Amino acid sequence: MSESDETRLHSLGYAQELRRSLSGFNNFAVSFTIISILSGCLTLYGFGMKTGGPAAMIWGWPLVGVFVVLVGLGMAEVCSSYPTAGGLYYWAAKLAKRNAPAWAWFTGWFNLVGQVAVTAGIDFGAALFLNAFLDLQFGFAATPGHTVALLAIILLAHALLNTFGVRVVAVLNTISVWWHLLGVLAIVVVLAVVPDKHQDASFVFGEFVNQTGWSSPLYVFLLGLLLAQYTLTGYDASAHMTEETRGAAVAGPRGIVMSILVSLAAGWVLLIGLTFAIQDYDGAAGSATGVPPAQVFIDAVGLATGKVLLLICIGAQLFCGMAAVTGNSRMIYAFARDGAIPGSRVWHRINKRTRTPTNSVWLAAVGAFLLAVPYLWSYTAYAAVTSIAVVGLYTAYVIPIFLRVRAGEDFERGPWHLGRWGRPIGTVATIWVGFIFVLFMLPQVYPVTWESLNYTPIAFAVVLGGAALWWIVSARKWFTGPKVQGSAAELAAVERDLAGD
């Protein structure tokens with residue numbers, strides 16, 4: 001471990017409790033795996049087919065991508081200054097000139113809700129795809145009950161891996177990068193070569209489809225941006241993993257930015273390749289499998305090859321969910337370390353054998369499962385979960401960026417920074433996030449019924465309303481933001497205890 005990493009962490013007030021064993025590539029791999037174009041792009045592809053169609057999906061991807069890159073750059077600059085597992089809420093506390101504890105509190109809760117939602121969305125998508133494969137292979141019907149049961153099994157497996165197979169998880173994250181890149185290449189090549197016919201370019205780049213019930217094409221196009229915006233989330237994992245990364249002040253920021261750029265390029269290729277291969281648009285959109293990309297595969301290349309392509313997607317999604325549980329647990333651990341979660345002593349506890357926050361792993365898994373349960377009675381629940389992930393994560397992403405913009409020249413730069421571009425990039429990023437915060441709270445289909453309700457505002461009202469009430473009644477009296485664990489001697493004692501000395 002680099003001495004500068006340990007020294008910098010001590011200067012930020014924390015002991016080196018987690019094992020610092022990740023390389024810069026490992027750090028990038030975690031964020032790239034959580035973004036997972038084979039998860040986000042494909043699990044929301046059916047939503048996109050009805051909400052704007054090919055035109056919205058193909059052009060919405062680079063449009064959203066530009067703004068995501070700006071958000072990522074703003075985050076990366078702040079990450080370089082404060083490379084801690086707390087990430088966003090720690091940054092908010094350090095950058096706020098007034099009311100720092102309140103800024104940290106609400107940033108942390110937005111991040112927590114978004115992290116749990118993105119974990120739910122990823123593993124729920126994996127359950128949908130796995131259910132489709134099991135239906136095709138063994139007749140295990142794609143019903144809400146079966147999908148939720150598979151979700152429970154997947155989350156259990158990911159929690160067990162993150163508890164007992166910590167070294168295995170690190171290896172699998174590395175494998176995941178190549179699985180995603182080679183998987184996209186394989187899918188696109190097969191879909192380009194095997195089918196007898198393809199859609200023409202005017203369809204792929206210009207066909208607009210509106211099956212939402214809303215009459216405004218602009219509103220529907222904007223709603224369709226959810227596919228890209230949801231896929232391009234989760235890269236804050238690079239920040240949450242900095243206490244386990246060597247050369248964190250540079251590797252963390254690079255992990256954030258590179259994971260976005262690589263995903264942006266590969267994801268666009270995947271969307272274009274898949275859309276060209278559609279044989280029966282309405283048949284795929286209403287597929288009995290519940291997974292339109294699976295129907296596109298089968299229609300284009302046949303049942304046997306289609307199943308192979310589906311398995312490639314499922315493998316990627318399982319890698320993605322595993323990494324999401326890892327990143328989510330680190331955020332929970334750090335927030336609990338500062339006493340901001342009920343039962344913080346339990347969730348902050350470190351497993352001495354693995355030097356990982358085992359209890360936080362299980363809280364992440366259980367929270368994700370509970371958030372997805374409404375799918376049992378609402379088919380729009382998946383889109384709502386993805387909206388919760390986007391709104392929660394991006395609000396948490398942009399608060400420290402906004403505070404950095406407000407700090408101006410008082411901002412203390414790390415070794416990786418944007419120079420004079422920091423403030424203009426941060427300003428545009430802040431405006432964009434304010435826009436999507438409102439957009440993805442809005443109804444996605446018409447007429448609005450209990451079955452079609454976008455319950456994103458309800459979920460936020462419950463969780464963040466509770467956090468606000470807790471703040472007003474109690475937390476504002478004792479929560480002072482990120483805690484300093486002790487003097488240099490006390491930090492060293494914590495480290496010796498964990499090392500077993």
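## Notebook: helix packing, aromatic rings and selected residues

**Entry 1. Helices H8 and H17.** I looked up how helix H8 (residues 144-164) meets helix H17 (residues 303-337): their axes come within 9 Å and cross at roughly 55°. That angle makes H8 oblique to H17. Angles under 35 degrees count as roughly parallel, over 145 as roughly antiparallel, 65 to 115 as roughly perpendicular, and the rest as oblique. The axes are lines fitted to C-alpha atoms, for helices over the stretch in contact, and the angles run from 0 to 180 degrees between N-to-C directions. Helices (H or I, at least four residues) are DSSP runs, numbered from the N terminus.

I noted that the model is predicted, that local features need pLDDT of at least 70 and side-chain atom pairs count only at pLDDT 80 or more, while totals for chains, interfaces and linings use all residues. Residues are numbered from 1 along each chain as its sequence is written, and side-chain values use heavy atoms, with hydrogens and water left out.

The crossing of H8 and H17 is right-handed. A crossing is right-handed if the near helix is turned clockwise from the far one by less than a right angle, and left-handed if anticlockwise. I then listed the residues in contact (heavy atoms within 4.5 Å). H8 contributes Ile154, His158, Leu161 and Asn162, and H17 contributes Leu318, Gly321, Met322, Val325 and Thr326. By class, this contact of H8 with H17 has five nonpolar, four polar and no charged residues. Ala, Val, Leu, Ile, Met, Phe, Trp, Tyr, Cys and Pro count as nonpolar, Asp, Glu, Lys and Arg as charged, and the others, Gly among them, as polar.

**Entry 2. Helices H7 and H8.** At what angle do H7 and H8 pack? I found an angle of about 120°, with the axes of H7 and H8 8 Å apart. H7 is therefore oblique to H8. H7 passes H8 in a right-handed crossing. From H7, the contact residues are Thr119, Asp123, Phe124, Ala126, Ala127, Leu128, Leu130, Asn131 and Leu134. From H8, they are His146, Thr147, Leu150, Leu151, Ile154, Leu155 and His158. The contact of H7 with H8 divides into ten nonpolar residues, five polar and one charged.

**Entry 3. Aromatic rings.** I recorded 30 aromatic pairs in the structure. Rings of Phe, Tyr and Trp (its six-membered ring) pair if their centres lie within 6.5 Å; planes under 30 degrees apart count as stacked, over 60 as edge-to-face and the rest as tilted. The ring centres of Phe106 and Trp471 are 6.4 Å apart and the planes stand at 65°, so this pair is edge-to-face. Phe106 lies in helix H7 (residues 100-138) and Trp471 in helix H22 (residues 456-478), so the pair ties together parts that are 365 residues apart in sequence.

Phe106 is partly exposed, at 23% relative accessible area, whereas Trp471 is buried, at 13%. Buried means under 20% relative accessible area, exposed over 50%, and partly exposed in between (1.4 Å probe, protein chains only). Both rings belong to one aromatic cluster, formed by Tyr89, Trp105, Phe106, Trp109, Phe335, Trp470, Trp471, Trp478 and Phe479.

Entry 4. Is Glu77 buried or exposed? Glu77, in helix H5 (residues 53-81), is buried, with a relative accessible area of 1%. Leaving aside neighbours within four places in sequence, I found Glu77 in contact with Arg404, Phe411, Arg413, Trp416, His417, Leu418, Gly419 and Gly422.

Among the buried residues are Pro292, Phe297 and Val301. Just after H16, Gly302 takes a positive phi of about 95°.

**Entry 5. Loops.** Ser36, in the loop between helix H2 (24-35) and helix H3 (37-43), has a positive phi of about 40° although it is not a glycine. Ser36 is buried, with a relative accessible area of 0%. Asn99, in the loop between helix H6 (88-95) and H7, has a positive phi near 55°. Asn99 is exposed, at 58% relative accessibility.

Ala96 is also found in the loop between H6 and H7, but Ala96 counts as buried at 11%. Ala96 and Ala407 are 311 residues apart in sequence and 8.0 Å apart in space, C-alpha to C-alpha. Finally, I noted a cis peptide bond joining Tyr446 and Pro447, with omega about 0°; Pro447 is in the loop between helix H21 (422-439) and H22.

Note on methods: Helix = DSSP H or I, 4+ residues; strand = E, 2+ residues; numbered from the N terminus.
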